[in-house]
Amino acid sequence: MGNPSMELLTRLKKSVRHRASYKISEPLSKLLSVTGFGQYGPGPKLTDPEPVRRANIPVEDARFELEDVRRFWEDLSSRSERIRQCCQQQPIWEKVPQYYFTWKQLQHLLSREESVFVDIASTQDSPYFELLRLLARARHRYRQDLIFEPGVHGDRIGGSAAALPLEDRSVDAMTLHCSFEHFEGEADTGFIREVGRVLRPGGRVCIVPLYLGQYAFTMCDPAWGYDIRPDAGSRVHLFPRWGERHGRFYSADTLRERVFSPALAAGLSPKVVHFSNVLELSPSCYTHFGLILDKPA
């Protein structure tokens, strides 16, 4: 076990850094916008699927059955204190549609005991793992993140998602919740290629949300990511007090270039999912699109 005093000190240091960054975020954003580093304020998100269709990318319309979503989460909340706490810590409808969708898409794979599942860019206390504990039969469940020790250690996989320490055709299912947009540089395309390598035939990967913009841009809180390097030809939008260093929003063209075409080249069948009624869950929902990567059996 770790030293409690050292753990408390570490949390205190993080809290101080976070508060200092929060205070300087807005004036720093305004200053950098004046110098030409980026444009002040969040960029224009895409909610209409037609530009994606015009780029010859398959789009499937999906509608949430609202009562089914509510029953799904209420049942889980009644069975888990961890999930009840999750509902209290953040707006419930931010994560509910994501978890509901990925579970429904992967249920047929995760109901098999021998299946291998990886939650990419996960956290040490991800509520999705609690959901799987309650619902899934798959015994081999892993969480992957850069913050973990490199390699495979117990249920943790450390290192870059663009260079997974996993054997070819060894994984049945993967999820990415609010994480793909944070893959900097070429890591997004690198991960797509890794999916083609590690996914078994018949396997599936779900990415939600898939963030799309009216044009390609990178959103950045400069208090956390003053040193980011945006993609060539992509704008920077400075979003004060966001608390994240990098969030990539694809245009239809950059989605085809960086994700869709590499997925096809890796032997995958990709499709975009448009959640046409997500705002009926709550006006604060931002999960307008998702991405499914299938490996043909």
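**Note on helix packing and selected residues**

1. The axes of α3 and α6 cross at roughly 85° and come within 11 Å. Here axes are lines fitted to C-alpha atoms, for helices over the stretch in contact, and angles run from 0 to 180 degrees between N-to-C directions. α3 and α6 are therefore roughly perpendicular to each other (65 to 115 degrees; under 35 counts as roughly parallel, over 145 as roughly antiparallel, and the rest as oblique). On the α3 side the contact is made by F72, W73, L76 and R79, and on the α6 side by L131, L134 and L135. Contact means heavy atoms within 4.5 Å.

2. The model is predicted: local features need pLDDT of at least 70, side-chain atom pairs count only at pLDDT 80 or more, and totals for chains, interfaces and linings use all residues. Residues are numbered from 1 along each chain as its sequence is written, and side-chain values use heavy atoms, with hydrogens and water left out. Helices (H or I, at least four residues) and strands (E, at least two) are DSSP runs, numbered from the N terminus.

3. Helix α3 covers residues 66–79, and its 14 residues should span 20 Å at 1.5 Å a residue. The expected span is 1.5 Å times one less than the number of residues. The end C-alpha atoms of α3 are 20 Å apart, which agrees.

4. Which residues of α3 are buried? They are V69, F72, W73, L76 and S77. Buried means under 20% relative accessible area, exposed over 50%, and partly exposed in between, with a 1.4 Å probe and protein chains only. Seen down the axis of α3, the buried residues fall within an arc of 125°, so they line one face of the helix. The arc is taken from the directions from the helix axis to the C-beta atoms. On the other side of α3, E67, R71, E74 and S78 are exposed.

5. V96 belongs to helix α5 (residues 92–110). V96 is buried, with a relative accessible area of 1%. Not counting residues up to four places away in sequence, V96 touches V69 and W73. Both V69 and W73 are among the buried residues of α3. V96 and A161 are 65 residues apart along the chain, and their C-alpha atoms are separated by 24 Å.

6. Helix α7 (residues 187–198) packs with helix α9 (residues 252–265) at an angle of about 20°, and their axes are 9 Å apart. α7 and α9 are therefore roughly parallel to each other. D188, T189 and I192 in α7 meet R258, V259, P262 and A263 in α9.

7. P49 sits in the loop between β1 (39–40) and α2 (50–54). P49 is buried, at a relative accessible area of 7%. Neighbours within four places in sequence aside, P49 is in contact with V59, H274 and F289. P49 and I207 are 158 residues apart in sequence and 16 Å apart in space, C-alpha to C-alpha.

8. V208 and P209 are joined by a cis peptide bond, with omega about -10°. P209 is in the loop between β7 (199–208) and β8 (217–220). A121, in the loop between β3 (116–119) and α6 (127–135), has phi near 55°, a positive value in a residue other than glycine. A121 is partly exposed, with a relative accessible area of 26%. R169 has a positive phi too, near 50°, and lies in the loop between β5 (156–158) and β6 (171–177). At 52% relative accessibility, R169 counts as exposed.
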